[in-house]
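Here are some exercises to work through with the model open beside you. Try each task before you read its solution.

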Amino acid sequence: MDKILQSTFHYGTAFSRNIGWVTETEQEILRNKRIAIAGLGGVGGSHLITLTRLGIGKFNISDLDIFELANFNRQAGAAISHIDRSKVDVMAELARDINTELNLKTFPEGVSKQNLDEFLEDVDLYVDGLDFFALEARKAVFAACAEKGIPAVTAAPLGMGVALLCFLPGKMSFEEYFRLNGQTEDEQLLRFLMGLSPAMLQMSYLVDDSRVDLDNHKGPSTPMACELCAGLAATNALKILLNRGNVIAAPNGLHFDAFRNKFSKTWRPWGNNNWIQRLGIEIVRNKLSENLTMPKVTSEEIILDTPIARILDLARWAPSGDNTQPWRFEILDEHSFLIYANDTRDWCVYDLDGRASQTAVGALLETIQIAASKEGLNVSFNQTEKSSEENPIIEVKLVNAAGEQVTDLLFPFIKIRCTQRRALSGKVLTQSEKEQLEASVGDGFKLIWLEGQSNKWQMAKLLFRNAQIRLTIEEAYKVHKRIIDWNSQFSKDKIPDRAVGLDPFSLKMMRWAMQSWERVTMLNTWFAGTWIPRIQLDLLPAMQCGAHFIIVSDNKLETIDDYISGGRAMQRFWLTSARLGLQFQPEMTPLIFSRYVNESENFTQPFTKNTQAYQQAEKLAVDLEIIVGKKIKGYSVFMGRVGKGRIPISRSIRLSIGELQK
Ligand SMILES: Cc1cc2nc3c(=O)[nH]c(=O)nc-3n(C[C@H](O)[C@H](O)[C@H](O)COP(=O)(O)O)c2cc1C
């Protein structure tokens, strides 16, 4: 079989479509060249495939690694059938499958000082494919190339772009450019990064900087960057090997970024010793050290091998006020589990009689039901005998659905749904979007829409006044202090400060002020401290959205069950807006403060000891009724805003299943 396949291979035909951009003679020259590639991961694997297709006839390839699942996003040889297999063996097979005549020398032990002479023997060009963090091996290979007069090319994948540097015999060497010797490992990594990309085009769109993990030698990467690298490296390989075209050599370099549509030619005489470069290194050093203090997000790899585990793993993504996740789970058997819910009335002014937590429990139940539909299961919920209003205990039973159970169409949006507190587009919702949202809340609930400039302006003014209450009562200060995760982009059990919606400068001010109530009152009294947050978090977002909405119940909300039902309707509405590609922010505090004053007879004491703020809440309740209508009193489940907009890059995440188990 192999023989038959080999006999069908013919070099001239296989690479004939290169001819035109190279001459027949040049193709023959390429056929007789030997290229060494160290590292066959993201870039190295693509280099080998691209250079093989260019018709290079001989390679020395090295890698000591095996393929694993985490390589799949970018590595040419990463596939299910190659898991746990040596990268060198797999890549040699793939390359030989393209050119059966290939002359390949493999170095499965990787490159080291011991085998460098052999690795670079008869080599016309070295193309770097080493891992970003393999500094020692890289330094050794480049030094040996310089000594032996072998040109060396490095194309680094950066974000969604590529930075290229070529080191040619007789010109600036790798060490003269990067100046790594004698530096600590962290400093070497920083210098290497900055030397590769003095333009640093990629930095502005790194959306999750906690994934840059210098300590564990891990960083984010994209397949697009690896392919760009292969294209740029192979083009320069062609120019060097055929001795035509302009090869840009260090200290000159190129950086192309496909995300930013930017191309930059860089020139750093004296390499990293250049004073502009030193300044750049200093700036990035500071930025990285800031980021490194951020809490790291660890992704847990748990085995979800039972329906209950899979259902709970999704259920935990239900929203709750301030991301408090007021629930724990106890699995009873294969078909049932208990939810131990609680409310946060003992410390949270927004949850004074537990209604906000009960609404969240409703969202949890709805999420469980949607997740169960995927498993072909029906669900029943029953409060147990020991259940109380403050500590509801709900038994969840799963039964096989009779006939074919259809997966709920909201299922894919359970993890996508989230809160966006920043400005949205002012574009009005389409009729179809509104109809789907109205249908989503189901029987027993209706929607009130507040749309158009004039209505939005009314809401903006109301939210602006409401925010003054929020920001000037000590009861709320204590909550904010407890539920905001400072200096973070993601938070497992709080709201990360970057998701609050403030610009970086105001955020810094808030971090400073929130350290004590005295600072907050001082800012409020002397520096109009509430103005900036009220404008940024309430006034502007209220104008910049498609519409404000209120979900109202047909029946008066009185019992815990009424609020749980309301929460279920709210979650279907929120998930439907995610399905429609709309962003969403709850605006619950005006409803909450209004209810506290409207139903004051139900509370043993006012929600705040600040009498001025209490009076403001009384006026606000009247005005809310004027804007929205009488139905607001006693019937309103949830208020918020929706609209087209950007997906938030900072958000609350969740406790793990393990942490949520009782
Ligand atoms: C009952 C309830 C009330 C909420 N009230 C507000 C609110 O007034 N303002 C706000 O910005 N977010 C509010 N949220 C959003 C939560 O803070 C958010 O859902 C939680 O932090 C989890 O984040 P995620 O929605 O991005 O997953 C509320 C959520 C629920 C369930």
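A residue counts as buried if 20 or more other C-beta atoms lie within 10 Å of its own, as exposed if 12 or fewer do, and as partly exposed in between, with C-beta atoms placed from the backbone. The model is predicted, so local features need pLDDT of at least 70 and side-chain atom pairs count only at pLDDT 80 or more, while totals for chains, interfaces and linings use all residues. Residues are numbered from 1 along each chain as its sequence is written.

**Exercise 1. Is S577 buried or exposed, and which residues does S577 touch?**

Step 1: Find S577 in helix α20, residues 560-579. Helices (H or I, at least four residues) and strands (E, at least two) are DSSP runs, numbered from the N terminus.

Step 2: Count the neighbours. S577 is buried because 24 other C-beta atoms lie within 10 Å.

Step 3: List the contacts, where two residues are in contact if their C-beta atoms, placed from the backbone, lie within 7 Å. Not counting residues up to four places away in sequence, S577 touches L437, L582, F584 and V642.

Step 4: Look at one partner along the chain. L437 is 140 residues from S577 in sequence, yet their C-alpha atoms are separated by 6.9 Å.

**Exercise 2. Which residues have the most contacts inside the largest nonpolar core?**

Step 1: A nonpolar core is a set of buried Ala, Val, Leu, Ile, Met, Phe, Trp, Tyr and Cys residues joined through C-beta atoms within 7 Å.

Step 2: The largest core has 86 residues, and L364, I368, I551 and M570 have the most contacts inside it. Its largest share, ten residues, comes from α13. Apart from this core lies another, of 70 residues, including A36, Y126, V153 and F167.

Step 3: Zoom in on I551, which touches V441, F445, L447, A569, M570, F573, V637 and F638, not counting residues up to four places away in sequence.

**Exercise 3. Describe the chain as a whole.**

Step 1: The chain has 24 helices and 20 strands, and 43% of its 662 residues are buried.

Step 2: The domain assignment, which is automatic or from a database, gives domain 1 (2-292) and domain 2 (296-662). Their centres, taken over C-alpha atoms, are 48 Å apart.

Step 3: Along its principal axes, the C-alpha trace spans about 90 × 65 × 45 Å.
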